[in-house]
Amino acid sequence: MASKDGYMTMLRRCLALGLLALLLGLAQPAAAQVQDQGRPSDAELQLMQELQGQGPLTGRVSIPDQRAATLIQPAGKEWRDFWRGTSPWIGGIAMGGMLAILLLFFLIRGRIPIEGGRSGETITRFNGLDRFAHWLTATSFIVLAITGLNIAFGRDLLLPLIGPEAFSAFSDAGKVAHNFLSFPFTLGILLMLVLWVRDNIPSRLDLEWLAAGGGIIGHGHAHAGRFNGGQKAIFWSVVLMGGAIAATGYVLMFPFTVVADVGGMQTTQMVHSVLSMLLVAVILAHIYIGSIGMEGAFDAMGSGEVDLNWAEAHHDLWAEEIRAREQRATGEAPGAVPAE
Amino acid sequence: MARMKFLCDAERCIECNACVTACKNENEVPWGINRRRVVTLNDGEMGKERSISMACMHCTDAPCAAVCPVDCFYTTADAVVLHSKDLCIGCGYCFYACPFGAPQYPQLGNFGGRGKMDKCTFCAGGPEEDNTPLEYAVYGANRLAEGKLPLCAEMCSTKALLAGDGEIIAAIYKERVVTRGYGSGAWGWSTAYPDSQGV
């Protein structure tokens, strides 16, 4: 065999020329390697360098869909890492952390009672339109949050429990609900913005309220108008984050109409998912304080009528204002006529 | 079992688009959907122009499968990445994750109008029973079950597009590279099959 002869020749050469010659000789038959045979052409090197870059590699296609001209978009990998790695952690820490804080708070503080108990006398806090705007946003938000979290966490949490067919049916219906309920949600946010923005302008009172612990931590009560610092924070969270979530949601809903490329869609999806999970965390605290967290608070959005003692404890300036207005309306001296 | 792969030799592709046409015809792909496409880079530049036929690369660690909210993807024994249209909800996430732009969506639903995702199946049909009318209607041809390879590569006139067992097509390609005397133009190979060496 020729190769065996060659090998024997090399052995002889190795004996004569030493170790270096052996290594060189052995390397010779293995030279059928791609890299050793030829050097890439300059054009090819250039193309490969483009491929290594971070940006997408785009050419020309003869089919109508011009997005197909993007040959390779490496950003998909980063988006994948975000969606399967970072995003669940952000959401889990924000929402799980909030639930833990609320549970801990409830165990320590319990339900905050109305100071001095219920007076039996009520004043109107939110009229029908106020409550319509709130519950329109609230009900659509709950469905949007559940169906959205299903997309983020359902595969890991719900799919193993109910199986792929049931999970897909639920997710499919959820997607439709998520798309359609975005409209009442957006309408609700716009309504709340128009109705309540003038009472939600931040002021010095809010800082004092915050310094006094907001009536939640500790027992002292700071002065507050119609909305205290905490409520203003909720209002602006809902308006700004909710608004941004709605805006990014519509961009996602009409793919490649507002943003032109996949990178834009990826960024939009990341903003949408992170803001949504943070807003869910904020709203969890809002739901807590408006239901089991504080006595008398639910009435504001339930019947719209709040107990006078609750109003004076939490919104003293607003309660005074309302009573002054009622007195002006009836033209009577203070205390002569009850509110109703 | 074989590890099925695609390989497009950019030195050979002449942008005839026959693979695109063959794919559409063989699988009766609906309007607006191209499971395979030919992209020309540096169009019209002397010596720099290269055309590459691209479809689903049936990745080893498929990003589409990783991000799918309903986990509708699966990998066959031949390492072909397929999905169930019964489970797909048409959310579009696989399109955001795919490096090759393989997932396609028919304009069916409301708003952005994404119906269930459609992509190259390596002519391996879908989760339905092999070569049934149902499988053909939903996923297209199942040539692998008939012992044939994907039609796009089978009828490529310059044999730029290769499809088949990864080891065999890599050997064919290496031989070409050695004969030419210069390097590789195997597009997307290192992205789709990161754990395979060479080419």
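This is a predicted model: local features need pLDDT of at least 70, side-chain atom pairs count only at pLDDT 80 or more; totals for chains, interfaces and linings use all residues.
Residues are numbered from 1 along each chain as its sequence is written, with chains lettered from A and ligands numbered from 1 in the order in which they are written.

View 1. Buried means 20 or more other C-beta atoms within 10 Å of a residue's own, exposed means 12 or fewer, and partly exposed is in between, with C-beta atoms placed from the backbone.

**View 2. Around B:Leu161.** Skip the neighbours within four places in sequence, and B:Leu161 is in contact with B:Phe6, B:Cys8, B:Cys19, B:Ser53, B:Cys152, B:Ala153 and B:Cys156. Contact means that the C-beta atoms of two residues, placed from the backbone, lie within 7 Å.

**View 3. Where chain B meets chain A.** Here 44 residues of chain B are in contact with 48 residues of chain A. On the chain B side, strands E2 (37-41) and E3 (50-54) and helices H2 (63-67), H3 (93-97) and H6 (166-180) each supply at least two residues. E2(B) has the largest share, five residues. Helices (H or I, at least four residues) and strands (E, at least two) are DSSP runs, numbered from the N terminus. By class, the chain B side has 22 nonpolar, 15 polar and seven charged residues. Nonpolar covers Ala, Val, Leu, Ile, Met, Phe, Trp, Tyr, Cys and Pro, charged covers Asp, Glu, Lys and Arg, and the others, Gly among them, are polar.

**View 4. B:Asn142 in its loop.** B:Asn142 sits between helix H4 (133-139) and helix H5 (151-154) of chain B. Is this residue buried or exposed? B:Asn142 is buried, because 22 other C-beta atoms lie within 10 Å. Beyond four places in sequence, B:Asn142 is in contact with B:Cys123, B:Ala124, B:Gly125, B:Asp130, B:Asn131 and B:Glu135. B:Thr121 is 21 residues away in sequence, with 8.4 Å between the two C-alpha atoms.

**View 5. Positive phi at B:Asn17 and B:Ala79.** Most residues other than glycine have a negative phi. B:Asn17 isn't a glycine, yet has a positive phi of about 65°. B:Asn17 belongs to the loop between strand E1 (4-8) and helix H1 (18-27) of chain B, and is partly exposed, with 16 other C-beta atoms within 10 Å. B:Ala79 also has a positive phi of about 65°. Its loop runs between strand E4 (73-75) and strand E5 (81-83) of chain B, and B:Ala79 counts as partly exposed because it has 18 C-beta neighbours inside 10 Å.

**View 6. The two chains.** Chain B has seven helices and six strands, and 50% of its 199 residues count as buried. Chain A has 14 helices and four strands, with 26% of its 340 residues counted as buried.
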